[in-house]
Amino acid sequence: IEDMPGLINLSFLQLSLSPEGALEPQWHPNAHKIGYCTQGSFLVSIRTPVSQEIFTLQKGEMFFIPQGY
């Protein structure tokens, strides 16, 4: 971490879903989240106290979710 301070408060995860798979809602109070689609596509839904954003990622695309969402 001392060599890469940009990784502080960042979580990493590899997730493989079946074609109709889903991941339960998550909340990251202590870390940001970056997602990257390695194949296919997937739907991302982000809820805030005042809105909801829904978007689809395709292979090669990334997304960022700020800490606390």
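This is a predicted model: local features need pLDDT of at least 70, side-chain atom pairs count only at pLDDT 80 or more; totals for chains, interfaces and linings use all residues.

User: What does the secondary structure of the chain come to?
Analyst: The protein chain has zero helices and five strands. Along the sequence the pattern reads β-β-β-β-β.

User: And what share of the residues counts as buried?
Analyst: Of the 69 residues in the chain, 16% count as buried.

User: How many residues line the largest pocket, and which lie nearest its centre?
Analyst: The lining has 35 residues, and L15, L17, L23, F42 and F63 are the ones nearest the centre.

User: Which strand gives the most to that lining?
Analyst: β3 does, with seven residues. Strands β2 (32-36), β3 (41-47) and β5 (62-65) each supply at least two.

User: How do the lining residues divide into nonpolar, polar and charged?
Analyst: There are 19 nonpolar, 13 polar and three charged residues in the lining of the largest pocket.

User: Switching to the surface. Which residues make the nonpolar patch?
Analyst: I34, Y36, M62 and F64 make a nonpolar surface patch of about 430 Å². Both β2 and β5 supply at least two residues of this patch.

User: Take M62 from that list. Where does it lie?
Analyst: M62 lies in strand β5.

User: Is M62 buried or exposed, and why?
Analyst: M62 counts as exposed because its relative accessible area is 54%, and exposed means over 50%.

User: How far apart are M62 and T38?
Analyst: They are 24 residues apart in sequence, and their C-alpha atoms are 9.4 Å apart in space.

User: Where is T38 found, then?
Analyst: T38 sits in the loop between β2 and β3. T38 is exposed too, with a relative accessible area of 55%.

User: What about E61, where is that one?
Analyst: E61 is in the loop between β4 (52-58) and β5.

User: Why does E61 count as partly exposed?
Analyst: Because its relative accessibility is 36%, and partly exposed covers the range between the buried limit of 20% and the exposed limit of 50%.

User: Last one: which strands came up for both the pocket and the patch?
Analyst: β2 and β5 each supply at least two residues of the nonpolar patch, and each also supplies at least two residues of the lining of the largest pocket.

Definitions and conventions: Residues are numbered from 1 along each chain as its sequence is written. Side-chain values use heavy atoms; hydrogens and water are left out. On a 1 Å grid over the protein atoms alone, a cavity is a set of points where a 1.4 Å probe fits but cannot get out, and a pocket is an open set with protein on both sides within 12 Å along at least five of seven lines; lining residues have an atom within 4 Å of a point. Helices (H or I, at least four residues) and strands (E, at least two) are DSSP runs, numbered from the N terminus. Ala, Val, Leu, Ile, Met, Phe, Trp, Tyr, Cys and Pro count as nonpolar, Asp, Glu, Lys and Arg as charged, and the others, Gly among them, as polar. Buried means under 20% relative accessible area, exposed over 50%, partly exposed in between (1.4 Å probe, protein chains only). Patches are made of residues with over 30% relative accessible area and no salt bridge: like charges are joined within 9 Å, nonpolar side chains (Val, Leu, Ile, Met, Phe, Trp, Tyr) within 5 Å. Accessible areas come from the Shrake-Rupley method with a 1.4 Å probe; for residues, only the protein chains shown count as cover. A salt bridge is a side-chain nitrogen of Lys or Arg within 4 Å of a carboxyl oxygen of Asp or Glu.
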